[in-house]
Amino acid sequence: MPAKSPVIVDLKFIPEEVETALKGAFPDREVINRADAVHDDRDLSGIDYAVVWKSAPDLFDRAPDLKVVFSGGAGVDHVLTLPGLPEVPLVRFVDRSLTTRMSEWVAMQCLMHLRQHRTYEALAERREWRDLSQPEAADVTVGIMGMGVLGQDAARKLSVLGFKVVGWSRSKKAVEGIETFGGDELDAFLARTDFLVGLLPLTPETRGIFNAGLFAKLSRNGPFGAPVFINGGRGGSQNEADILNSLDAGLLHAASLDVFEQEPLSPVSRFWQMPNVYVTPHVAASSDVKALFRHVEQQIARLESGQPLQHVVDKLAGY
């Protein structure tokens, strides 16, 4: 029986988490962790599999014989832009833990804006005891742009919390208990939306889609008189100059941003200190590295037993 192909791991995650997760992963094959200097000059030819997240740009030159590339996250735009991407299946990471983490982040942001948490934080800093007029979740319609696995799960959990929820995606999805819109129904969706949640993949069509023109079409009938923008999807989908201008002008009431056009976010960015903006460092749905490696193991086992891979990306569509 021929030896099983090694797996290349090229992940820009927390190194200690990767090392810990690798201790129990891929027990029947060699792992080449490119974070380990011992592999700097390693010949990577003849290797079938690579697991990547913002990997080194020379990966595909050095590993010309890959049969499958596995993304370390749900998003794949960081892989699609790598030089020399081979014409082999690209598999995205779909896992309960990743989905749950994103839904937790979305729900937390919606609740913090609903309950005016930033205002209460400011009052606490001044030792000021004051009650604010408090809307409830049922007073707010949350519109989710991007109704894939993550968007559908977030929609269900927000509904349980009492929010009204609507969803939009390029291809209309049928989701039990959720009113959905598709394609050219975007304006109708936006007119219903008080809190806008972005969970879109990054494609040529979605680049810069969250801009002043789109914000102007959002509902102004919500409890705060202006909409809230929450983006946990992709930084390239937002126009940050427009977000800043919209916040300054009152076109947006507030925002929560986990992703940015350039990461890490510049220390001089105004977003850090704006009183109506929450910033998190692209951690809304940080991958559980152990779960990622289990996912890759399962997909390799499927492939090597003659079954089709799951969650294969349409490279033209970008997701």
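**Aromatic contacts in a predicted model**

Me: In this predicted model, which charged end sits over the ring of Tyr278?
Reply: A charge sits over a ring if NZ of Lys or CZ of Arg is within 6 Å of the ring centre and within 35 degrees of the ring normal. Here the distance from the centre of the Tyr278 ring is 4.1 Å, and the charged end belongs to Arg118.

Me: Happy to go on! How many aromatic pairs does the structure hold?
Reply: Rings of Phe, Tyr and Trp (its six-membered ring) pair if their centres lie within 6.5 Å; planes under 30 degrees apart count as stacked, over 60 as edge-to-face and the rest as tilted. The number of aromatic pairs in the structure is eight.

Me: What is the angle between the planes of Phe210 and Phe229?
Reply: These two rings form an aromatic pair, 4.9 Å centre to centre. The pair is tilted, with an angle between the planes of 45 degrees.

Me: How many residues apart in sequence are the parts that this pair, Phe210 and Phe229, ties together?
Reply: Helices (H or I, at least four residues) and strands (E, at least two) are DSSP runs, numbered from the N terminus. Phe210 lies in the loop between β9 (195–198) and α8 (212–215), while Phe229 is in strand β10 (residues 228–231), so the separation is 19 residues.

Me: Is Phe229 buried or exposed?
Reply: Buried means under 20% relative accessible area, exposed over 50%, partly exposed in between (1.4 Å probe, protein chains only). Phe229 has a relative accessible area of 0%, so the residue is buried.

Notes
Residues are numbered from 1 along each chain as its sequence is written. This is a predicted model: local features need pLDDT of at least 70, side-chain atom pairs count only at pLDDT 80 or more; totals for chains, interfaces and linings use all residues. Side-chain values use heavy atoms; hydrogens and water are left out.
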